[in-house]
Amino acid sequence: MHFGRGKIKYQKILLELKGKRVCVIADGAAIGAEMKDLFQLVSRNRTINLYLPESFEWLILDSDIIGDSEIRHILDHPEDYVESEQFFSWERYFTSLLMEKTEDTYLKYRKAKLNKNYLNDRIRDSIIKNIRGIDFEN
């Protein structure tokens, strides 16, 4: 189930899905303000899994769909690359990196609107498969 773009009323939606297995994939950097409430809700319901990567852009980069060996090195050692003078957060750095690495490709990334190519089965499955520790089949 896809909840849409931006902030959502996740508590209401998750309560409506009570008893069903649910995986919440959210931008870890963006959900910080709601984390306490979300954690309490998940603690009471073992059918809800959380996956909160540094950012959605990090998740895309980590899936290796771009096929750039430099990206893997950067993700393994981000502290060597993220300049605090230039980037307010690691999320902004990963957004910039993804935009740079996909600029002239069919995967061109823009934060304002997700490129439809990221939703094709092969790419979407590569991103989802990269989410460790969650069994999407059961």
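Start by selecting Asp 64, which sits in the loop between helix 3 (56-62) and helix 4 (69-76); helices here are DSSP runs of H or I with at least four residues, numbered from the N terminus. The model you are looking at is predicted, so local features need pLDDT of at least 70 and side-chain atom pairs count only at pLDDT 80 or more, while totals for chains, interfaces and linings use all residues. Residues are numbered from 1 along each chain as its sequence is written, and side-chain values use heavy atoms, with hydrogens and water left out.

Stay on Asp 64 for a moment. Its phi is positive, about 65°, although Asp 64 is not a glycine. Most residues other than glycine have a negative phi. With 45% relative accessibility, Asp 64 counts as partly exposed (buried means under 20% relative accessible area, exposed over 50%, and partly exposed in between, using a 1.4 Å probe and protein chains only).

Next, select helix 4 and helix 5 together. They pack at an angle of about 175°, with their axes 12 Å apart. The axes are lines fitted to C-alpha atoms over the stretch in contact, and angles run from 0 to 180 degrees between N-to-C directions.

Now show the side chains in the contact (heavy atoms within 4.5 Å). Helix 4 brings Glu 70, Ile 71, Ile 74 and Leu 75, and helix 5 brings Tyr 93, Phe 94, Leu 97 and Lys 101.

Which ring partner does Tyr 93 have in an edge-to-face pair? Select Phe 94: the two centres are 5.7 Å apart, with 65° between the planes. Rings of Phe, Tyr and Trp (its six-membered ring) pair if their centres lie within 6.5 Å; planes under 30 degrees apart count as stacked, over 60 as edge-to-face and the rest as tilted. Both residues are buried, Tyr 93 at 9% relative accessible area and Phe 94 at 1%.

Then pick Tyr 109 and Tyr 118. Their ring centres are 6.0 Å apart and their planes at 85°, so this pair is edge-to-face. Tyr 109 is buried at 4% relative accessibility, and Tyr 118 is buried at 2%.

Finish at Lys 116, in the loop between helix 5 (90-102) and helix 6 (121-129). Lys 116 is exposed, with a relative accessible area of 67%.

Key
Helix = DSSP H or I, 4+ residues; strand = E, 2+ residues; numbered from the N terminus.
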